[in-house]
Every structure is written in structure tokens, then in C-alpha cells.
Amino acid sequence: MLSVVIVGGLHADARKAAVERLLADVPASVVLHHDLATAAAGTVVRTVRDASGLLSAEEAPLVNDCACCALREDLVPELRRLADDGATRLAIVELWDSVEPKAMAEVVTAGGLMVTGVITAVDPALVLPYLGNGDDLAERGLAAAATDQRTIADTFARQLEYAPVLAVADSEEADDEDRELLTQLHPTARQVPIGPGDLAGAAPPASVPGSLAQAALAGFDVEAAAAAQHPACALLPAEADAHGVSTLVWHRDRPFHPERLYEALEDITCAAARSRGRFWLADRPDTLLHWDAAGGALCVESAGPWLASLPDAAWEMVPPVRRAAAALDWHPEHGDCCQHLVFTSPALDRDGLERLLESCLLTDAEYAAGRTAWKQLPPAFDTLLEV
């Protein structure tokens, strides 16, 4: 059966090096790549190649003026063709720069094919610059559709955090702080080094024989990967402090005052290179809210109800992983409602950030007033949540 590995990342040189390593390591492997740079002209160019060179290059028309839609429509049939042919062991799907691996892994799996690995290629020297880049993808010619409003920072963060394997370039510009930042952002990822020789198709160093190939064929669970990113049960980084980089895990069992939090948003968002998690707002006590910040920009959105606000009969419809995550945070008075935010950054002012966050919580008197009073507080987040 054909195995499919998805290799993505905004760091194009590192991505290409990872692809070359896989081609060199896995016999009977081919690379499929959809170049979305020509989307403005109305087409997407799909190339297929193996270790010996280019096998085919064809144009695929845009679908609904969306380059990513064209990729989805064209990718699965091409992979099925390779599977039916039987000559290919591994199909390496090299994503275009700004395409996110989560969507493609789900498309391929839904198409009845087997994703055995998802890899994001990273140059550690570029992690902080990319996380701090709030430019729109469109400004850099990297938008995947006319309506694409993503930024460099948030796209890179999702590419990085979704993949269980990171192909890490051996960058001369990277220092210990850069490598530590990468590790703290995604501490559970398997990091596989790739050297500069890989881009030229050189054999891998003897110290890491075939390790990227092993990762590409190890197996991948699309449902588990999605759950690990869902704000209700996300696998968030743990406390850490090394090489000038810190991760602060902030967990409290009291809701935020909406106005005080709103007034502090800019300072909180800019306090760390990356922050994410779930939070509890007093005027929306039954709603689990998602916090997602990178590049000085914050996205907040509703992620549905807290489990504590659901009737018992509804719990059977909740995935077991969600129930397990809620149990870890369960409070005898208000269930899984809580603040669970994680901040990772070089030179993080942990004490100052904690004081700022604490100042946004309800006071003792406000908390004692109860939920009916909380719901009467000014709805400062209506605009952000598009209510």
C-alpha cells in the first residue's frame, strides 16, 4: 500500500533539504509538489519527480479562484494513480510555502489514502523572526487565496505545532537560544537533523542513518493530531527556563473581567513571542474561549461550551479525549472552567506578566457576586468575537 508523508513549512530551503533526504533514503519514492505561485494567472503547476529527476509537470485549473482548493481537488486523484500503479513505495507531498499540513493530512486521509508521517522543516535561526512577523501572507506573495488573511507568524506557528516531527536544518546562524526556543515551542516533537548537504542530494550523515525516513513511515493519527490542537484538550508546552528562553504556564480557577482583560490585551499579546491556550470570561461563563497569539497579533474565538455547562446526557457525544482533558482541570464548584494560558519567549518577564494577568481576574467581591452579576458586566469582547 502506498505510504504518504506530508512535508511542509515556510522555511523553503529547510523543506527542500528534508525532501531530498527522503528521496535519497527511501527507494521507490516520488515527490509531488503544487506550486501556487502561478495562481494569479489562473493555474496551479503540479510536478512529480523521483531521485533521477522530473517525471511530469502539468497545470491544474483554479477551483473557485482558490489555489488551495485546486490543490485539494488534484492531489488525491494523483496519489490514487500512484497507488494503483504499484511502483511507488512513498509519496512525498511537498507543500507550497504557506499551505498548512493539518488541512492536507485530513484531505489525504479522507480520500482513503494512508498518511504515515507529517514533517515540518525548520531553520532554527528563523524561528523567532518568523514568529515575530505580523505581515499578511498576501503582502509577501504567499497567500493561498484572494481571501487569505493569515499572517506569516500565525501560519508558521500552526505549521510548527501540528507536526509530530521537525526536520531541523543545521544552520550556522542558529545559537543555543534559537534551538531552545524551538524545543520549548514544541517539546513533544521528534527533532531530526538535516545537514546542508541534503539539498544537493548527498547521503545522510552516518550518525543519523535513515532517521527521517523512519519518521516518514512511522504512522500518523489524524484524529489525535487534531485533538492535540483543539483548545479544549490541546497538548500545550510545560514550564521551562533555559538558554534565555522561558515558558510560563498560567493556570487559574477564576474568570477574567472582560473590560480589564480587553484593556490589557496589547501588553499581554506582546509579552511573548508565542502564547496560546483557553480562557474563561466572566460575561460569557459557559463559553470556552481560544487564545492564539503570534507576531504581536491575537486571535480569540469561541470553541463551544465548557463541559460543565452541558447537561449530563450530552457528555456521551463528547470525544473521550475531551472528557479526559476536562477531568484534569475539574473543579468541584465550576468544573472545567479555567484559565490555561502558555507563554513562550526569549527574555520573558514572567513576574510582570503574571501580575498583569492576575490584575485582569475578577476581584473577590466580583467573584462572590455570582454568575448572574457576571453576565451583566460590559461585553468588551463582542467585536473580537464578531457577535
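**Cavities and salt bridges**

Searching the whole structure gives two cavities of 30 Å³ or more. A cavity here is a set of points on a 1 Å grid over the protein atoms alone where a 1.4 Å probe fits but cannot get out, and lining residues have an atom within 4 Å of a point. Grid points are joined across faces, edges and corners, and a volume is the space filled by probe spheres set on the points. This is a predicted model, in which local features need pLDDT of at least 70 and side-chain atom pairs count only at pLDDT 80 or more, while totals for chains, interfaces and linings use all residues. Residues are numbered from 1 along each chain as its sequence is written, and side-chain values use heavy atoms, with hydrogens and water left out.

Select Ala232, Arg278, Leu288, Trp306, Arg322, Ala325, Ala326, Asp329 and Asp336, which line the largest cavity. It holds about 50 Å³ of space. Helix H10 (residues 320–328) gives the most to this lining, with three residues; helices (H or I, at least four residues) and strands (E, at least two) are DSSP runs, numbered from the N terminus. The lining has five nonpolar, no polar and four charged residues (Ala, Val, Leu, Ile, Met, Phe, Trp, Tyr, Cys and Pro count as nonpolar, Asp, Glu, Lys and Arg as charged, the others, Gly among them, as polar).

Next, select Glu161, Leu185, Pro237, Arg274, Ser275, Arg276, Val342 and Thr344, the lining of the second largest cavity. E11 and strand E14 (339–346) are the elements that give two or more residues to that lining. About 30 Å³ of space lies inside.

Arg274 lies in strand E11 (residues 274–281) and Asp292 in strand E12 (residues 284–294), so the pair ties together parts 18 residues apart in sequence. Arg274 is buried at 4% relative accessibility, and Asp292 is buried at 13% (buried means under 20% relative accessible area, exposed over 50%, partly exposed in between, with a 1.4 Å probe and protein chains only).

Within helix H5 (residues 152–162), Asp154 and Arg158 are four residues apart, about one turn; their closest N and O atoms are 3.1 Å apart.

Note on methods. A salt bridge is a side-chain nitrogen of Lys or Arg within 4 Å of a carboxyl oxygen of Asp or Glu. On a 1 Å grid over the protein atoms alone, a cavity is a set of points where a 1.4 Å probe fits but cannot get out, and a pocket is an open set with protein on both sides within 12 Å along at least five of seven lines; lining residues have an atom within 4 Å of a point.
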